[in-house]
Amino acid sequence: MTVLDGKKASNDIKNEIKAEVDKMKERGEKVPHLAAIIVGNDGASLTYVGSKVRSCERVGFESTLIKMPNTTSEIELLDKIDELNQNNEIDGFIVQLPLPKQIDTQEVILAIDPDKDVDGFHPANFGKMALDMSTFIPATPFGILELLERYDVETKGKHTVVIGRSHIVGRPMSILMGRKGFPGNSTVTLTHSHTKNITQITSQADIIITALGVPGFLKAEMVKDDAVIIDVGITRVPDESRERGYYITGDVDFEQVSKKVSAITPVPGGVGPMTIAMLLKNTLLARERHRAAAKKKSMD
């Protein structure tokens, strides 16, 4: 059984990105600049954004963190987004989700310039992804593809079952695993809360990608021998016996399922680290695109 180690793979990716940035510096080029907006003080979001800032430092990116109070109005946030859209110093930016209830998330996603949308959530980027065109792939699905590729997990002709249909993971994953090329070329079944006989479906899967957020949902009896399991779920479970007062777990009963399968991602240390690494990769891609566009403009 292979543990698909996202921590190691993400470190490798960050080292590769740092090498690219070092070359940019040697050539006297502008280095990538990633900005993040966070509204409110959600603990998990603050932790996540903090680790993005540290990752930027590590690879040599510039980074800007914009903190806005929980009482921020939608208009105020949209004004800030417009400011970043117009700022040529910023190559890509994200608005950390979830947002306070007074703000319409869809309006916020639509307001982001697709050329700076390194989260890959804008409909223009999602549409390009669905059509197999060059674009920003949402960071978590991008990370899963990268993990499958780096561990050389065969996907062609395999039956992939995706559990969960969120716009952030489940739906893009179902499209990407069915695309031509590697990783891809698999036959995809997308399951969700209304799916009947889910065990019957998962037990036929060669690859299962679960993104439900339900601790221990995927049990050993739901999985066939030698399947590949990608666990995107990450839930804080309260536990007073631990120093932090909680422990982090995924959608998979790791202890039992890992005994049957050929490969599995751990939680934590699997998909999570890959998400940040691919956000950096998207920002590097944004910088390269902006440089190419500026060069073309100067030649016109």
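Modeller: Contact here means heavy atoms within 4.5 Å. The model is predicted, so local features need pLDDT of at least 70 and side-chain atom pairs count only at pLDDT 80 or more, while totals for chains, interfaces and linings use all residues. Residues are numbered from 1 along each chain as its sequence is written, and side-chain values use heavy atoms, leaving out hydrogens and water.

The part I take is residues 138-290, listed by UniProt in an unreviewed entry as "domain: Tetrahydrofolate dehydrogenase/cyclohydrolase NAD(P)-binding" (positions follow the numbering used here, feature names are shortened, and annotations may be inferred rather than shown by experiment). This stretch is 31% helix and 18% strand, and its end C-alpha atoms lie 19 Å apart. Helices (H or I, at least four residues) and strands (E, at least two) are DSSP runs numbered from the N terminus.

UniProt, again in an unreviewed entry, places a "binding site" at Gly-164, Arg-165, Ser-166 and Ile-234. Of this set, Ser-166 and Ile-234 belong to the lining of the largest pocket (on a 1 Å grid over the protein atoms alone, an open set of points where a 1.4 Å probe fits, with protein on both sides within 12 Å along at least five of seven lines; lining residues have an atom within 4 Å of a point).

Ser-166 sits in the loop from strand E5 (159-163) to helix H7 (170-176). Its relative accessibility is 32%, so Ser-166 is partly exposed (buried is under 20% relative accessible area, exposed over 50%, partly exposed in between; 1.4 Å probe, protein chains only). Beyond four places in sequence, Ser-166 touches Arg-171 and Pro-172.

Ile-234 occupies the loop joining strand E8 (228-231) and strand E9 (235-238). Ile-234 counts as exposed because its relative accessible area is 56%. Neighbours within four places aside, Ile-234 is in contact with Ile-248, Thr-249 and Val-267.

Not counting residues up to four places away in sequence, Glu-288 touches Glu-20 and Met-24. Glu-288 and Lys-30 are 258 residues apart in sequence, yet their C-alpha atoms are 10.0 Å apart in space.

Among the buried residues of H2 are Ser-45, Val-49, Val-53 and Cys-56. Just after H2, Gly-60 has a positive phi of about 90°.
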